[in-house]
Amino acid sequence: MVTTPPALLIAGHGTRDDAGAEAFRAFVRELGRRHPELPVAGGFIELSPPPLGEAVAELVERGVRRFAAVPLMLVSAGHAKGDIPAALAREKERHPGISYTYGRPLGPHPALLSVLERRLDEALGSTARIPEDRADVTVLLVGRGSTDPDANAEVFKAARLLWEGRGYAAVETAFVSLAAPDVPSGLDRCAKLGARRIVVLPYFLFTGVLPDRVRQQAEEWAAAHPETEVRSADVIGPEPELLDLVMERYREALEGDLRMNCDSCVYRIALPGFEDKVGAPQQPHFHPDDDGHHHHGHGHHHHGAHTHAH
């Protein structure tokens, strides 16, 4: 008897935007096409069909008993931390005998950062192919925004990782809802920092009401500030990198591979400008500030043994 691998359940935010909801459904279908060996289904937490419960019911009808749920979300906010686990717990009560593991959100993964870099290149045209041409480009990365400070901090982390080693003048951060700074304030900040060319980069997977609002607010600000060049970049979209990353999160969930921040670890992944660190052996290192002033003859205290179990 051939054992079917655990099913893949994709959990989405939900959107009032029909095109955005269809982009999600098309992405789920494409994952299913790419992985015929796997039962694949997807549903939303709110706002758009199909609901997550329907996707689970569909899998159960197909005989699925075990599945891994992957949140199709860039940051871990209320949905990923609370709503999806609650929905999955409810489904477990509805369908006795099913079991599931839960994957982690997608960002800020290097594969997605490279898609964001591509979106910036597209928005700038041929003028940003080499680092020298990027030196006068300020990027405003705009996240969804959350009442969860940790989720907002994740967007700042993505901005910093996007800036590292790529030669942009700066990568600033703003949010389209629920958190400051908003898009106009973010653009004001870029201008105060002396930005001449700004690219507004939506930190969103698919089109929707919120990315549309980001573009509209950028256009309104640009109209009021003709001395500053403002361009808008596209959302990440259903790129091969995104399809691959979802499968990576699926495998992690199955293997119980709970990690530290290894996605963006310079010893594991070639990050721009730090390529020589990949695979470097980890040595305990000594912090000069720890030296000598407080050990009263007891020898040195080695505080710095940073071991990476990679």
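Reader: What is the bridge partner of Ala68 in β4?
Author: Thr101. Strands here are DSSP runs (E, at least two residues; helices are H or I, at least four), numbered from the N terminus. This is a predicted model, where local features need pLDDT of at least 70, side-chain atom pairs count only at pLDDT 80 or more, and totals for chains, interfaces and linings use all residues. Residues are numbered from 1 along each chain as its sequence is written, and side-chain values use heavy atoms, leaving out hydrogens and water.

Reader: What makes β3 and β4 a pair?
Author: Two strands pair if DSSP finds at least two bridges between them. β3 (residues 66–71) and β4 have four, in the parallel sense, so they pass.

Reader: Why are β2 and β4 at the edges?
Author: The open sheet runs β2-β1-β3-β4. β2 (40–44) and β4 (99–102) each have a single partner strand, so one side of each lacks a neighbour in the sheet.

Reader: How do you know that Glu91 and Arg94 meet in a salt bridge?
Author: The rule asks for a side-chain nitrogen of Lys or Arg within 4 Å of a carboxyl oxygen of Asp or Glu. This pair sits at 2.8 Å, N to O, so it qualifies. Both residues lie in helix α3, three residues apart.

Reader: Why is Glu91 called buried, and what about Arg94?
Author: Buried means under 20% relative accessible area, exposed over 50%, partly exposed in between (1.4 Å probe, protein chains only). Glu91 has 2%, so it's buried; Arg94 has 51%, so it's exposed.
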